[in-house]
Amino acid sequence: MDQPLNNTKTGLATSILWHLKYSLGKDIAKATKRDYFEPLCMTVRDHLIAGMIETERRYVQEDRKRVYYLSMEFLIGRSLGNNLLNLQLYEAFQDALAEQGLDIEELREEERDAPLGNGGLGRLAACFLDSMATLGIAGFGYGLHYEYGLFKQEIEDGYQKEKPDFWPSRQDPWEIERADEACVVPLYGRIEHGIDRQGLYNPMWLDWQVIVGVPYDMPIVGYGGTTVNYLRLYAARASSEFSTEIFNDGDYFRAVEEKIAAETVSKVLYPADTFAAGRELRLIQEYFLVACAVRDVVRRYLRTHTTFDAFSEKTAMQMNDTHPALTVVELMRLFVDEYELPWERAWELTVGTLGYTNHTLLSEALEKWPVSLLEKVLPRHLQIIYEINRRLLEEVKHRWPGDLDRMRRMSLIEEGPEKKVRMAHLAITGSHAVNGVSALHSELIKKALVPDFHELWPERFSNKTNGITPRRWLLKANPLLAGLITRTIGADWITDLDCLRGLEPYAVDPVFQQEFMDVKKKNKETLREVVFATTGIVIDADTLFDVQAKRIHEYKRQLLKILYIIHEYLLMTEDGLTPLIPRTHIFAGKAAPGYWQAKQIIKLINSLGDVINNDRRVGNMMKVVFIPDYRVSLAEKIIPAADLSEQISTAGTEASGTGNMKFSLNGALTIGTLDGANIEIMEEVGEENIHIFGLKIAEVEKYKQSGSYDPWEWYHHHDVIGRVMDTFRDDRFSPREPGLFRWVFDRILNEGDYYFHLPDFLHYIESQGQVDRDYQDQSLWARKAILNVARMGKFSSDRTIREYGRDIWGVI
């Protein structure tokens, strides 16, 4: 019989002590403060497991349609605080621990971030899981159980150094291993071309090797604790079949090597694909995720159904970007090969089940796999891809007879010296719904990325603007502001972010303005301590905190902010001008290990800091800091402390962005371009409460198409630009390493300035000047910041998930 969990202070304390003694084998009398972290998590997990069991019973009883969200990344971060808040047990546990002389916040710091993602893509997936559980949707995530997630970033002599981040170095307290639900994944092998009893072609995939996928479930609790779904992460294990024959032949070393090779599949997040072995491993990773997820989904469906007639009515699978695009092929393979459904019926079920979210317009980010590699690793899947392509091109030919160029553009196979499979085309063809993640991005998908597919299937395309969960990004990350809001307008905003509109009348209230700015000041003081602890740099919480925290990439234009910093520095040191306000420029973010320019940008930021922070002429009017190892828990410290949020990507390059939403929700003003979700943020908060600058996408496209942009013209015609650019040529910020940053001069002036830094630079300076003037008037700044918070209701991931649920998944 189930025993009800005791949520009293005494009951929780008893449970913690029980786990300390009996789950961990610790003598309570000798236990240190750190020893209490895992028993605390185990006690919380007891509540989560009880909720999972009850939630599953409810879903089965109601025969609920289930949503499965497939993503190579889930950037969960830390779970303890989030679970306590969503269970609404934070205060109860705080009191229970206090009786033991323990501080719950100190114990929370013992938890490591789960580094199962790279950036916005993985964090979005985590927000979506939170919202699905909060809304009571039967929604589950599928991902990989990486042992080495995103690397730990250290800074040595200003350079990024990647250190392995071995996540399960001690067993994760939230995971539940489900070895009894492991999946077998076939790889390699050959196709034998046979004929069945009816005389029809019957290919057989033979001699494949096997990897076993072992699932680990991580509970995902919605706010209020009523619904507890889970994220299922698969770890690769060698199968017994994989090595028995080799063992029997006496080649033990080779057997061990093959076991290690099999388990490598889930070792590392995004192995480097510069070399053939890395590309092969990455393809296997993607198929491993897909194969495990599809088999698990089908198996779960068949527990309560005897035919596939209702499969697409009871199952929705969402592909988060192109990484899981092989879901289209694997689902067809199972239906046709293993369950012997006719192709047409299998295709109808597949398309009816799948949805595809595109996250990028950058050509290098749209996956294309060599046909030769697919033929080696997944020979049966390549056959199915060719058949899907044949039928697609027949449909195109019927619709547009004789249009060979259109057929070439739409084909799943890209012709060339090396034939490649276009994974985005595969995902679009195999899905009944295709969406972008901001209004601008979704229009560009239809008009620029895949206009032919939009013309063929216009009904499939829609927009689902991204969102963020307010539980993580306001309630948890900024408890001081969350408390002020709740005291002022009540707590309904936690599950209905539109309620923040109730703050609008307080934007002009001097008392509320002061309380709001006091919260901001305290958050800045907290970040000041983090900066000192991680960099040794002392910053002033009374300065404007100007923050750019995101993945380091040229299109995100950290270089544009660097140009502005140099401009301001030269005004102070060469022209003797004093800025209107003091600023602290804060950067954070990781560069891909193989991305040389991005890593050099990090070095440049640190070199700027070395020069500027030690120049007596500058004093406290400007500081430049780079905070290492950006991750979810660090973002929770940086974002609440920001005054100004830098969202300055080149127009037309950022699909949406979610950092922009997090900063605005926490009371930072945005300086940004008309790119991604910045446009919709401007529409919501009002043009007067955001600082927009730069080229519009039409102007960028005009430059590109006409070839009329010449960076040297801007250099010669604008002294401001010439002076800043010359610092890279003249080693102003690398006096002991001549030529170190000459690449920036060449990249912008001699290599074409692909991301249009110079045309946007002068307007950017003007906008920053307006920021200075606004910040001088603290009452004006407070009003604008409060209105940013009040008008962010649209950007809740709850709204986004409701739209997916209504328009794509059919669960709302």
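This is a predicted model: local features need pLDDT of at least 70, side-chain atom pairs count only at pLDDT 80 or more; totals for chains, interfaces and linings use all residues.

Residues are numbered from 1 along each chain as its sequence is written, and side-chain values use heavy atoms, with hydrogens and water left out.

**Domains and their interface**

- The domain assignment gives domain 1 (1-62 + 87-111), domain 2 (63-78 + 113-465 + 802-809) and domain 3 (470-795); such bounds come from an automatic or database domain assignment.
- Between the C-alpha centres of domain 2 and domain 3 there are 35 Å.
- In domain 2, 36 residues are in contact with 44 residues of domain 3, where contact means heavy atoms within 4.5 Å.
- Four salt bridges are counted between domain 2 and domain 3 (a salt bridge is a side-chain nitrogen of Lys or Arg within 4 Å of a carboxyl oxygen of Asp or Glu).
- Asp-157 and Lys-603 form a salt bridge, and their closest N and O atoms are 4.0 Å apart.

**An open parallel sheet and its helices**

- Six strands make up an open sheet with parallel pairing, in the order 20-19-18-21-22-23.
- Strand 20 (622-627) and strand 23 (691-692) are at the edges with a single partner strand each, so one side of each has no neighbour in the sheet.
- Helices (H or I, at least four residues) and strands (E, at least two) are DSSP runs, numbered from the N terminus, and two strands pair if DSSP finds at least two bridges between them.
- Six bridges link strand 19 (residues 583-588) and strand 20 in the parallel sense, and Ala-588 stands opposite Ile-627 in strand 20.
- Helix 22 (residues 558-573) lies across strand 18 (544-549), strand 19, strand 20 and strand 21 (644-647), and runs at about 155° to strand 19.
- Helix 32 (residues 778-790) lies across strand 18, strand 21 and strand 22 (669-672), at about 85° to strand 22.
- For these angles, axes are lines fitted to C-alpha atoms, for helices over the stretch in contact, and the angles run from 0 to 180 degrees between N-to-C directions.

**An enclosed strand**

- Six of the six residues of strand 2 (residues 139-144) are buried, so strand 2 is largely enclosed by the rest of the structure; buried means under 20% relative accessible area (1.4 Å probe, protein chains only).
- Gly-139, Gly-141 and Gly-143 point one way from strand 2, while Phe-140, Tyr-142 and Leu-144 point the other way.
- Strand 2 runs parallel to strand 1 (residues 66-70), joined by four bridges, and Tyr-69 stands opposite Gly-141.
- Strand 2 also pairs in the parallel sense with strand 10 (residues 228-238) over four bridges, where Gly-141 stands opposite Leu-231.

**Two buried residues to look up**

- Arg-422 lies in strand 15 (residues 420-422) and counts as buried at 14% relative accessibility.
- Beyond its neighbours within four places in sequence, Arg-422 has contacts that include Glu-367, Arg-408 and Glu-414.
- Gly-805 sits in helix 33 (residues 797-809) and is buried, with a relative accessible area of 0%.
- Gly-805 and Ile-137 are 668 residues apart along the chain, and their C-alpha atoms are separated by 8.3 Å.

How values were computed:
Buried means under 20% relative accessible area, exposed over 50%, partly exposed in between (1.4 Å probe, protein chains only).
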